[in-house]
Amino acid sequence: QVQLVESGGGLVQAGGSLRLSCAASGSIFSANTMGWYRQAPGNQRELVATITSGGSTNYADSVKGRFTISRDNAQNTLYLQMSSLKPEDTAVYYCNLKQRILLSSYDYWGQGTQVTVSS
């Protein structure tokens, strides 16, 4: 089992910055992909950014150039540095970890952290 705990959300003015963190614990294998997803009220959960254990990153077009995903493999911690925040970035942000064990895939989620951007 894997536990993911997010922190760092809050209220910020448009144009401001926030840094989210996600601490992972439990049965974590070295080869995995971690990511951030978000869900605004009335919307489906959407991808924000992902990063593999090797450091390859992928971003949603809406956040490219403004958000940076990173990870500390030794500490099993995931980060999301968010800059130039916009009101449309307001959402609950969820940490995700995907890993394969033998022939099975496993998908874990944190409880979410609220990010609110005021105009």
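**Reading the strands**

Reply: Begin with the sheet order. Here 4 strands form an open sheet, ordered β1-β3-β8-β7, with antiparallel pairing. Keep in mind that this is a predicted model.

Me: Which strands are the edge strands of that sheet?

Reply: Look for strands that pair on one side only. Those are β1 (2-7) and β7 (67-72). The twist from one strand to the next averages 15°.

Me: What holds paired strands together in general?

Reply: Strands of a sheet pair through backbone hydrogen bonds, either parallel or antiparallel. Now take one pair from this sheet. Strand β3 (residues 18-26) and strand β8 (residues 77-82) run antiparallel and are joined by 6 bridges.

Me: Which residue in β8 is the bridge partner of S21?

Reply: Y79 is that partner.

Me: Let me try a loop residue. Where does S17 lie?

Reply: S17 sits in the loop between β2 (10-13) and β3.

Me: Is S17 buried, exposed or something in between?

Reply: Apply the cut-offs: buried is under 20% relative accessible area, and exposed is over 50%. S17 has a relative accessible area of 42%, so S17 counts as partly exposed.

Me: Which residues does S17 touch, leaving out those up to four places away in sequence?

Reply: The contacts of S17 are V12, Q81, M82, S83, S84 and L85.

Me: How far apart are S17 and D61, in sequence and in space?

Reply: Read both separations. S17 and D61 are 44 residues apart in sequence. Their C-alpha to C-alpha distance is 18 Å.

Me: Now β9. Which strands does β9 pair with?

Reply: Check each partner in turn.

- Strand β4 (residues 32-39) is joined to strand β9 (residues 91-101) by 8 bridges, running antiparallel.
- Strand β11 (residues 113-118) pairs with β9 in the antiparallel sense, over 3 bridges.
- Strand β10 (residues 104-109) also runs antiparallel to β9, with 6 bridges between them.

Me: How many residues lie between β9 and β10 in their hairpin?

Reply: Count the turn. There are 2 residues between β9 and β10. Then check the backbone angles. L102 in the turn has a positive phi of about 55°.

How values were computed:
Residues are numbered from 1 along each chain as its sequence is written. This is a predicted model: local features need pLDDT of at least 70, side-chain atom pairs count only at pLDDT 80 or more; totals for chains, interfaces and linings use all residues. Side-chain values use heavy atoms; hydrogens and water are left out. Two strands pair if DSSP finds at least two bridges between them. Axes are lines fitted to C-alpha atoms, for helices over the stretch in contact, and angles run from 0 to 180 degrees between N-to-C directions. Buried means under 20% relative accessible area, exposed over 50%, partly exposed in between (1.4 Å probe, protein chains only). Contact means heavy atoms within 4.5 Å.
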